[in-house]
Amino acid sequence: MTRIFILIFAVCTSILSFSQEKSSYSFTLEEAVSFALDSNYTAINARRDIAKAIKQKWETTATGLPQISGNINYQNNLKQPVTFIPGEFTGGAPGTFVPVTFGTKQNASATATLDQLIFDGSYLVGLQAAKAFLDFSENAAEKTNLEVRKGVINAYGSVLLSEELIAIFEKNKENLEKNLFETRKIYENGLTEEESVEQLEITLLDIETNLNNAYRSASIARQMFNVALGIDVESNVLFEDSLDDLAENNISLRFLEAEVNIEENVDYKIAYNLTEQRNLELKLEKSRALPTISAFVNYGTAANSDEFSFFDGDQRWFQSSILGVNMNIPIFSSGLRSAKTQRAKIALEQAETQLEETIQNVQLEVNSAKSNYQFSIENYENAKKNLALAQRIENKNNIKFVEGLSTSFDLRQAQTQLYTAQQQYFQAMLELINNKANLETVLNTPQLRTNN
């Protein structure tokens with residue numbers, strides 16, 4: 001019995017441990033983008049918006065197709081109404097009335113009706129509007145995908161940046177601790193001033209503070225990346241690309257020469273969708289002045305009885321059928337339709353103005369994105385050179401300090417300059433990657449349109 005209990009306990013513990021184990025992932029940047037386009041929360045809902053638009057399109061189409069409805073009615077007159085008739089009808093004295101009841105106590109009927117829309121101007125416009133709304137949903141999903149892609153690139157680069165900073169801070173801390181140890185020994189032997197030790201201690205404290213902050217930033221950056229991908233924030237992710245490789249791979253001067261095709265820009269597409277919708281709204285208001293025609297045909301059967309005998313074989317059922325056509329002709333609305341039409345026309349003019357503004361803004365955005373991208377390339381190259389210079393300067397001052405040819409203040413200044421150059425170099429790489437992604441988004445280079 002004890003062995004069985006131990007076995008059950010071990011199995012339950014294993015299952016609990018397995019269920020609590022964190023999911024692990026491994027991504028290159030391209031793999032992360034592909035994964036996010038499929039699992040990002042916003043991207044998922046954007047695809048659902050397209051599915052809703054498709055259903056709405058069919059919903060609009062179905063209103064003009066045959067509609068069949070049925071009606072079943074059963075009545076039991078628990079107390080039948082009484083009607084008074086003149087007494088002379090039954091041989092009574094004139095001026096008197098006799099109470100009588102008409103009809104049977106129980107009635108049942110069943111009717112089926114077929115309705116068909118023959119002509120309705122608003123229906124035709126509605127079909128066009130449903131198609132335009134589907135186009136808008138697809139363009140909105142495309143914009144979402146572009147933003148998701150840009151967000152993942154930014155989040156991926158931010159994680160790599162934080163890890164690079166941690167690595168460089170740890171290395172700087174190790175070098176400073178070594179320098180501090182040696183300087184203390186020299187001070188204890190009376191060969192240098194206490195200020196030299198204190199200067200190094202100040203620099204070490206700064207490095208430790210930055211290192212602790214880098215650890216916290218790395219944790220937040222990883223969680224933000226997980227959210228961007230649509231996975232649990234506590235999941236473990238291995239990043240296969242390096243910041244250096246991404247920076248080098250994202251230097252592409254051909255993007256600076258790329259001509260923008262306004263019609264491919266997703267913001268233009270959405271603005272154009274708005275003008276289409278406003279134009280259809282104008283058509284809809286105009287169509288309300290047209291008549292609507294519909295037809296119907298029904299078939300019914302009814303039975304009457306004082307007892308519930310509707311399922312008996314000898315129960316008599318009486319058939320009926322009606323064929324009809326309805327025409328509704330708008331004649332006079334006291335200016336209501338005219339006011340609505342004019343309002344729709346003004347809304348269309350506003351949308352056309354917004355479209356023109358969007359065209360100008362897109363062109364400005366492209367030029368701005370190109371300028372930022374070119375600057376980020378130049379800044380990256382300069383940061384690389386500045387880092388090399390700062391490393392040489394710090395190394396020379398470190399040698400001079402050890403040999404007693406330089407003060408601790410000069411060494412601290414060189415070290416601070418190096419640490420700043422290191423951070424600027426890594427930040428320049430991230431900005432290069434992000435500005436490239438922003439330019440690609442404006443140019444719609446990835447072509448991330450959702451197909452259905």
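The expected span of a helix is 1.5 Å times one less than its number of residues. Keep that in mind for helix 5 in this predicted model: with 36 residues, helix 5 reaches 53 Å from its first C-alpha to its last, close to the 52 Å expected.

Now for the nonpolar packing. The largest nonpolar core holds 68 residues, and Val152, Tyr156, Phe225, Leu229 and Phe426 have the most contacts inside it.

Helix 10 gives the largest share, 15 residues. Take a look at Phe225: leaving aside residues up to four places away in sequence, Phe225 touches Phe27, Ala32, Val152, Ala155, Tyr156, Val159, Val237 and Phe239. There's also a second, separate core of five residues, with Ala46, Ala53, Leu134 and Ala141 among them.

Four strands make an open sheet in the order 2-5-7-8, paired antiparallel. Strand 2 (67-76) and strand 8 (318-328) sit at the edges, each pairing on one side only. From one strand to the next, the twist averages 15°. Strand 7, residues 292-305, pairs with strand 8 in the antiparallel sense over 11 bridges. If you want a spot to look at there, Gly300 stands opposite Ser320 in strand 8.

Key. Residues are numbered from 1 along each chain as its sequence is written. This is a predicted model: local features need pLDDT of at least 70, side-chain atom pairs count only at pLDDT 80 or more; totals for chains, interfaces and linings use all residues. Side-chain values use heavy atoms; hydrogens and water are left out. A nonpolar core is a set of buried Ala, Val, Leu, Ile, Met, Phe, Trp, Tyr and Cys residues joined through side-chain atoms within 4.5 Å. Buried means under 20% relative accessible area, exposed over 50%, partly exposed in between (1.4 Å probe, protein chains only). Helices (H or I, at least four residues) and strands (E, at least two) are DSSP runs, numbered from the N terminus. Contact means heavy atoms within 4.5 Å. Two strands pair if DSSP finds at least two bridges between them. Axes are lines fitted to C-alpha atoms, for helices over the stretch in contact, and angles run from 0 to 180 degrees between N-to-C directions.
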